[in-house]
Amino acid sequence: MDIRPSRFDHPDAVKLNDQVQLEYAERYGDEGDITPLDPAMFDPPHGLYLLAYDELERPVATGGWRTQDRNPEGYRDGDAEIKRMFVIPEGRGRGLARRMLAALEDDARAAGRVRMVLETGDQQPEAIALYTSSGYTACDKFGHYREYESSICMAKPLQRP
């Protein structure tokens with residue numbers, strides 16, 4: 001598996017984003033994640049967007065982080081927010097999400113961020129299991145969906161002990 005930095009507006013990123021939006025819509029019975037995102041949010045040093053490719057150069061996974069600091073949506077100074085973590089159904093169960101998550105954490109840590117945060121939902125048990133087993137714990141709600149009952153917000157300190 002080859003994980004590469006990319007742009008959020010790269011054609012392969014758009015393709016996988018379209019897929020994850022369909023999955024969100026199916027799981028939640030709505031239009032998908034409408035959190036406003038701009039490709040520049042993921043540009044280093046304020047973020048990073050990654051695409052993973054299989055041995056046939058097919059895009060199979062994606063994920064990014066973006067800088068967040070204290071604001072009215074409930075973020076804290078030093079936050080790095082995970083967005084668009086997704087593995088295509090055929091690629092699941094091979095550790096891709098865990099590898100992607102580790103790469104995002106390492107990059108955010110190197111950029112000086114102190115806490116990784118994410119928002120997922122109660123209809124995504126696989127995501128909840130991944131994050132919990134990776135050291136994330138529930139935290140105060142933040143972001144676009146902070147008022148939604150189905151929203152689950154999690155955080156993990158990025159400093160090394």
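1. Start with β4 and β5: strand β4 (residues 79-87) and strand β5 (residues 115-121) run parallel and are joined by three bridges. A word on labels: helices (H or I, at least four residues) and strands (E, at least two) are DSSP runs, numbered from the N terminus. Two strands count as paired if DSSP finds at least two bridges between them.

2. Before going on, keep in mind that this is a predicted model, where local features need pLDDT of at least 70, side-chain atom pairs count only at pLDDT 80 or more, and totals for chains, interfaces and linings use all residues. Residues are numbered from 1 along each chain as its sequence is written, and side-chain values use heavy atoms, with hydrogens and water left out.

3. Now the whole sheet. Seven strands make an open sheet with mixed pairing, in the order β1-β2-β3-β4-β5-β7-β6. Because β1 (2-6) and β6 (137-138) stand at the edges with a single partner strand each, one side of each has no neighbour in the sheet.

4. Which strands does helix α1 touch? Helix α1 (residues 11-28) packs on the sheet against β2, β3, β4 and β5, and its direction makes about 85 degrees with that of β4. Helix α3 (residues 125-133) also packs on the sheet, touching β4, β5 and β7 (151-157), at about 160 degrees to the direction of β5. These angles run from 0 to 180 degrees between N-to-C directions, with axes fitted to C-alpha atoms, for helices over the stretch in contact.

5. Look at α3 again: Ala 127, Leu 130 and Tyr 131 are buried there. They cover an arc of only 90 degrees around the axis, so they sit on the same side of α3. (Buried means under 20% relative accessible area, exposed over 50%, partly exposed in between, with a 1.4 Å probe and protein chains only; the arc is that of the directions from the helix axis to the C-beta atoms.) The cover over these buried residues includes β4, α2, β5 and β7. After α3 comes Gly 135, with a positive phi near 95 degrees.

6. On to the inside. The largest nonpolar core has 34 residues, and Ile 82, Met 85, Leu 104, Met 116, Tyr 131 and Tyr 136 have the most contacts inside it. (Such a core is a set of buried Ala, Val, Leu, Ile, Met, Phe, Trp, Tyr and Cys residues joined through side-chain atoms within 4.5 Å.) β2 gives the most to this core, with six residues. A second, separate core of five residues includes Tyr 75, Val 117, Cys 153 and Ala 155.

7. Glu 105 is worth a click: this residue of helix α2 (residues 96-110) is buried, with a relative accessible area of 8%. Leaving aside neighbours within four places in sequence, Glu 105 is in contact (heavy atoms within 4.5 Å) with Met 116, Tyr 136, Lys 156 and Leu 158.

8. Is Asp 54 buried or exposed? Asp 54, in the loop between β2 (47-53) and β3 (59-68), is buried, at a relative accessible area of 6%. Its side chain reaches the backbone nitrogen of Leu 56 at 2.9 Å, and a polar contact of 2.7 Å joins the side chains of Asp 54 and Arg 58. A polar contact is a pair of N or O atoms within 3.5 Å; within protein, one must be able to donate a hydrogen and the other to accept it, and residues adjacent in sequence count only if both atoms are side-chain atoms.
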